[in-house]
Amino acid sequence: MFNVPVNAPLRFLSLPSTQSLEAKLRDSSDSELLWDILQKTVKHPVCVKHPPSVKYARCFLSELIKKHEGVHMEPLDELYEALAETLMAKESTQGHRSYLLPSGGSVTLSESTAIISHGTTGLVTWDAALYLAEWAKNPAAFTHRTVLELGSGADHTGLAICNMCRPRAYIFSDCHSRVLEQLQGIVLLNGLSLEADITTNLDSPRVTVAQLDWDVVTVHQLSAFQPDVVIAADVLYCLEAIVSLVRVLRRLAACREHKRAPEVYMAFTVRNPERCQLFTTELGRARIRWEAEAHHDQKLFPEGKHLEMAMLNLTL
């Protein structure tokens, strides 16, 4: 079956070049290829159940129709009917993104269509979260372990790890009440149960959504999580956040007592080299050692591959 051209309603589908798609359309003697594309995107069961934003679906279908008409193929009624449905649909401030994972499962996110919403950037997925999730394809760091995620946000990374890596427990954390509310909904949307739910599947990790304010959280509160692994993605967005993050890492180091300190992995997009330098400088002041993880090229997800990514392994 043809892997359809999408960074589209289903984000997990591979994106061949425009030339590749047009060539395949020209070589196709009928509308079977277009029908196949529809079935793998806007008509896919996951996409029907959890539709993307109306604007996104409309743009995708409009572009597909342009390619279709450009090679003078016989019209496909279903393609125009699908576009008509999006033209009549009501716009929403929320949309879904769905990703197919190597394990065969899928992750669906409910996101705000605005980059900044409800006073936070935590309601959308950022590129470093995808990068970290791709790195987690190798599950050794997470299997049968307790994972604490700092600044979970949307959260693609945690859902992917819960699906692919079988951790013992996973703690999503954030400080913003709206993000926490959305996280709870996304956890349930993806078939996971929150720890308080007595119907929790014993084969699934124990999942907790916790409020964690980096500026006020105490060593005692962090100790209660008992994490084996701590992760974060794209949290170096300003000076204040960097200082607060390093403060939390110092408190996590103080939790270990006679237990081994947790492994820490931080992924981020290198948008501002000075900010990255500030982070490593602050780590040095806190006597937290770090080393860069080798760049991976998993390419499971299509977004942001032109951006420079980095991931650090910290020793508390």
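1. Strand S3 (residues 146–150) is largely enclosed by the rest of the structure, because five of its five residues are buried. Buried means under 20% relative accessible area, exposed means over 50%, and partly exposed lies in between (1.4 Å probe, protein chains only). Strands (E, at least two residues) and helices (H or I, at least four) are DSSP runs, numbered from the N terminus. Thr146, Leu148 and Leu150 point one way from S3, Val147 and Glu149 point the other way, and all are buried.

2. A note on the model and its numbering. This is a predicted model, in which local features need pLDDT of at least 70 and side-chain atom pairs count only at pLDDT 80 or more, while totals for chains, interfaces and linings use all residues. Residues are numbered from 1 along each chain as its sequence is written, and side-chain values use heavy atoms, with hydrogens and water left out.

3. Which strand pairs with S3 in the parallel sense? The partner is S4, joined to S3 over four bridges. Two strands pair if DSSP finds at least two bridges between them.

4. S7 has pairings with S6 and with S9. Strand S6 (residues 229–233) runs parallel to S7 and is joined to it by five bridges; here Ala233 stands opposite Ala267. Strand S9 (residues 309–315) pairs with S7 in the antiparallel sense over six bridges. In that pairing Tyr265 stands opposite Asn313.

5. Helix H7 (residues 156–164) is mostly covered, with eight of its nine residues buried. The buried residues are His156, Thr157, Gly158, Leu159, Ala160, Ile161, Cys162 and Met164. After H7 comes Arg166, whose phi is positive, near 50°.

6. How many salt bridges does the structure hold? There are eight. A salt bridge is a side-chain nitrogen of Lys or Arg within 4 Å of a carboxyl oxygen of Asp or Glu. As background, side chains of opposite charge can pair when their charged atoms come close.

7. The side chains of Arg168 and Asp228 meet in a salt bridge (3.3 Å, N to O). This pair links distant parts of the chain, 60 residues apart: Arg168 is in the loop between H7 and strand S4 (169–174), and Asp228 is in the loop between helix H9 (219–225) and S6. Arg168 counts as partly exposed, at 43% relative accessibility, whereas Asp228 is buried, with a relative accessible area of 18%.

8. Glu63 forms a salt bridge with Lys67, and their closest N and O atoms are 3.4 Å apart. Both residues lie in helix H4 (residues 54–70), four residues apart, about one turn of the helix. Glu63 is partly exposed, with a relative accessible area of 36%. Lys67 is buried, with a relative accessible area of 15%.

9. In helix H11 (residues 273–285), Arg285 and Glu282 lie three residues apart, about one turn of the helix. Their side chains meet in a salt bridge (2.8 Å, N to O). Is Arg285 buried or exposed? Arg285 is exposed, with a relative accessible area of 64%. Glu282 counts as buried, at 16% relative accessibility.

10. Glu74, Asp77, Glu78 and Glu81 gather in a patch of negative charge on the surface. A patch is made of residues with over 30% relative accessible area and no salt bridge, where like charges are joined within 9 Å and nonpolar side chains (Val, Leu, Ile, Met, Phe, Trp, Tyr) within 5 Å. Glu78 is partly exposed, with a relative accessible area of 35%.

11. Pro51 is found in the loop between helix H3 (45–49) and H4. Pro51 counts as partly exposed, at 40% relative accessibility. The C-alpha atoms of Pro51 and Thr108 are separated by 9.8 Å, and the two residues are 57 residues apart along the chain.

How values were computed:
Areas by Shrake-Rupley, 256 points an atom, 1.4 Å probe, with all protein chains shown as cover. Lys, Arg positive; Asp, Glu negative; His and termini not counted. Charge placed at Lys NZ, Arg CZ, Asp CG, Glu CD.
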